Amino acid sequence: MEERAELDSILPYLPLLIGSSCRLLWTSKVVEALEAMSRGPDHSRVNCGEVLSIAISDMRASLSLPEPLAPFAPQGYALFFDELLSGADSTKWFAGVIPKLANLLLRLPSLVDLHYQNTQTSGYGLRILGPQQPGMVLLSQENKVRCIVHYFQRICSQMPTGFVSFERKLLSLEHHPWQSGVSYPNADFWTKSTIPLCPFLVHSSGLIEDHSTGVLEVDFANKYLGGGALHRGCVQEEIRFMINPELIAGMLFLPSMTENEAIEIVGAERFSGYTGYASSFRFSGDYVDKRSIDFLGRRKTRIVAIDALCCPRMNQYKLKYLLRETNKAFCGFLDQSKYTQYKRLFKIMDSVQLNEAPSTSIETNGGSMAEEVRKSDEKGDQFMDPENCIGIATGNWGCGAFGGDPEIKTIIQWLAASQALRPFISYYTFGLEALQNLAQVSQWIILHKWNVGDLWNMLIEYSSQKLRGETNLGFFAWLLPSLPPCEAVELAK
């Protein structure tokens, strides 16, 4: 049975046994320990960080888990719970939160059983999604720990309701007329694209996660979802996983992404506020997420994880890697649920290209084909979710620690969002000096009504010159001096 196959895929990752009646259960020692902790510290004696570490280690040993806790785990638990937390917060944790967490863990086997029973009607059961398998399932170190501890405090006081969905998105590497999704585009596809560029909004301050609803928020992901969220990492992706801890669940069942894959997550609630970044990251207290709920019971927070090339240096200007990055972003930004409209558009594009039509745009009686698809998309949406016209909120993806050229990555994301027929892209520069002219450049490009193919071809020409050593300029400086002087002056005003 389908639900049995899904359960079998997840069992190796759960510390549970299967009983004689095919029901999941804990070992007797774990039940005994959890029951003691559920009655409070006076009964369990779990009243400080070091004792909590010992209790966890004992339960892990009874489950025969292969890897023990780190040798210094007891000292780490003691440092955080007994010294870094205030006395009041520590008492609240051991007297209030630990007993409720223990009760929740005692219910875990029955909750998992119930989940798979319900999949017989919903069709979406938790399962391990292997590489190349599209699908959907519903579901500073001290300060990172504070975020997680705060999450458990919140859910113990009021259990969240609703769902979180995780979708592995895939651009098929096979090109067959009968396939159900969009194929991985080649360079010629981008060269000949006549899709208009979508509006480009530049924000020199602000954060992606604070953008209003109506956007797909980009997670600057590691190929392994979550990256160093549970380790030492504390940059954009790791911070997002700390303030929206439900994202961490995806690290369990979603393996590493390959070049033609992305992961979209809808419904993760935010629980924590924060300040800073990397070494300056600080938990700043409780955050009440006020975003509304969709018809599936998911909070209207949409996040897409796309992994960029790591430390590409001069390779990032080679066609192979420009194509890789553009298709990676396109995979993440594409709405596969609207594939029929894309297929209609792409078929017409292919037909025009095969006939070597001299026109640089695909025209219908009512205007460009892309505009017609956008209009039909909007008409269809009015019968569904009124907020379903979803743009892209992003920033310096693949830059920073990954070493990408921010000007190139900006253009790549704009190309991908436009080709995916997104209504706009909101770009957060985080004050990066290299992007101080981004608004100026994007305004000029929009003013001249370039399409995706036009911008792609300019990007390829610039990158070729960069590789040949014919220019040391950034893309923006290389592009703008080619403008007539009057336009450059007018644009600067």
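The dialogue below works through how to read several features of a predicted protein model.

User: What should I know about the confidence and the conventions before reading this model?

Analyst: The model is predicted, so local features are given only at pLDDT of at least 70 and side-chain atom pairs only at pLDDT 80 or more, while totals for chains, interfaces and linings use all residues. Residues are numbered from 1 along each chain as its sequence is written, and side-chain values use heavy atoms, with hydrogens and water left out. The term pLDDT stands for the predictor's confidence in each residue, from 0 to 100; the protein chain averages 85, and 80% of the residues score at least 70.

User: Over which residues does pLDDT stay under 50?

Analyst: Where pLDDT is low, the predicted coordinates should not be read in detail. One such stretch is residues 353–367, for which the model has 18 contacts beyond four places in sequence, a contact being heavy atoms within 4.5 Å. Over residues 483–493 the pLDDT is also below 50, and that stretch has eight contacts beyond near neighbours in sequence.

User: How do I read the packing of helices α4 and α5, and at what angle do they pack?

Analyst: Two packed helices are described by the angle between their axes and the distance between the axes. Helices (H or I, at least four residues) and strands (E, at least two) are DSSP runs, numbered from the N terminus, and axes are lines fitted to C-alpha atoms, for helices over the stretch in contact, with angles from 0 to 180 degrees between N-to-C directions. Here α4 (residues 49–62) and α5 (residues 73–84) pack at about 135°, with their axes 7 Å apart. That angle makes α4 oblique to α5, given that under 35 degrees counts as roughly parallel, over 145 as roughly antiparallel, 65 to 115 as roughly perpendicular and the rest as oblique. In the contact, Gly49, Glu50, Leu52, Ser53 and Ile56 of α4 meet Ala73, Pro74, Tyr77, Ala78, Phe81 and Asp82 of α5.

User: How should I read accessibility, and is Ser426 buried or exposed?

Analyst: Buried means under 20% relative accessible area, exposed over 50%, and partly exposed in between, with a 1.4 Å probe and protein chains only. Ser426, which lies in strand β14 (residues 425–428), counts as buried at 1% relative accessibility; leaving aside neighbours within four places in sequence, Ser426 is in contact with Leu201, His203, His211, Ile392, Ala393 and Thr394. Lys223, in the loop between β6 (215–221) and α10 (236–243), is partly exposed at 41%, and with such neighbours likewise left aside, Lys223 is in contact with Pro255, Ser256, Met257 and Asp307.

User: Which backbone angle deserves a look at Arg313 and Leu421?

Analyst: The angle to inspect is phi, and neither residue is a glycine. Arg313 has a positive phi of about 50° in the loop between β10 (302–307) and α12 (319–333), and Arg313 is exposed, with a relative accessible area of 63%. Leu421, in the loop between α15 and β14, has a positive phi of about 60° and counts as buried at 9% relative accessibility.
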